[in-house]
Amino acid sequence: MRRTELRRKSPMRRTGIKSRLVSTGPDTATVDAVLERDGHMCAVGGHPLGPVRGVDWSIHHRRPRGMGGTSAPDVNLPSNLLTVCGNGVEGCHGLIEAHRAAAYERGWLLRGGDVPSQVPILHALHNWCYLTDDGLALMAPPPINRDGDLDFGGYWADQEASDAY
Ligand SMILES: [Zn+2]
């Protein structure tokens, strides 16, 4: 019974074409660089990451892949990528999607014409910073008047209560 499953998976591993099959996402080295920069935690809320990428955590595109041209060269650079807990519907990844206005304000989402490395972001580990194309975080002055409070549990709860968006 289990043999069919194994047979299906092993040819992909052997041929090593996995990266070509998922060519719309960042490569492994880029994902590693983003994880390293983000301290292997959720860059939005500082949450620990579970074991399974795509379920417990994801690599979030600040400017979505479909915007600014699918072949925009910076879409899969570290400047455009963020480690977040959850997935499209759960955790901070889900909350970004559910609270888009707040996410734009904090640089977690970008608009079509934005250059990711030039838009500051509120980061759980680095606070307000610029994310560089080569995987660094550079200090930035806060663009909005907040006191640096990173209590995102309360923050998200407030957002949900007031339904500001
Ligand atoms: Zn989180």
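Of the 165 residues of the protein, 28% count as buried. A residue is called buried if 20 or more other C-beta atoms lie within 10 Å of its own, exposed if 12 or fewer do, and partly exposed in between, with C-beta atoms placed from the backbone. The model is predicted: local features need pLDDT of at least 70, side-chain atom pairs count only at pLDDT 80 or more, and totals for chains, interfaces and linings use all residues. Residues are numbered from 1 along each chain as its sequence is written.

The protein holds six helices and five strands. Both are DSSP runs numbered from the N terminus, with at least four residues (H or I) for helices and at least two (E) for strands. Along the sequence, the pattern reads α-α-α-β-β-α-α-β-β-β-α. Contacts were also examined by sequence separation. Among those between residues at least 6 apart in sequence, 57% join residues at least 24 apart. Here, two residues are in contact if their C-beta atoms, placed from the backbone, lie within 7 Å.

Strand β1 covers residues 57-61, and five of its five residues are buried, so the strand is largely enclosed by the rest of the structure. In a regular strand the side chains alternate between the two faces of the sheet. Both faces of β1 are covered. W57, I59 and H61 are buried on one side, and S58 and H60 are buried on the other. Strand β2 (residues 81-85) runs antiparallel to β1, and five bridges join them. Two strands count as paired if DSSP finds at least two bridges between them. The bridge partner of W57 in β2 is C85.

A further set of strands forms an open sheet. Its three strands have the order β3-β4-β5, with antiparallel pairing. β3 and β5 stand at the edges with a single partner strand each, so one side of each is left without a neighbour in the sheet. On average, neighbouring strands of this sheet are turned by 55 degrees against each other, direction ignored.

H123 has N127 of β4 as its bridge partner. β4 is also joined by three bridges to β5 (residues 137-139). Y130 stands opposite L138 in β5. The hairpin of β4 and β5 has five residues between the strands, and G135 takes a positive phi near 90 degrees there.

Note on methods
Axes are lines fitted to C-alpha atoms, for helices over the stretch in contact, and angles run from 0 to 180 degrees between N-to-C directions.
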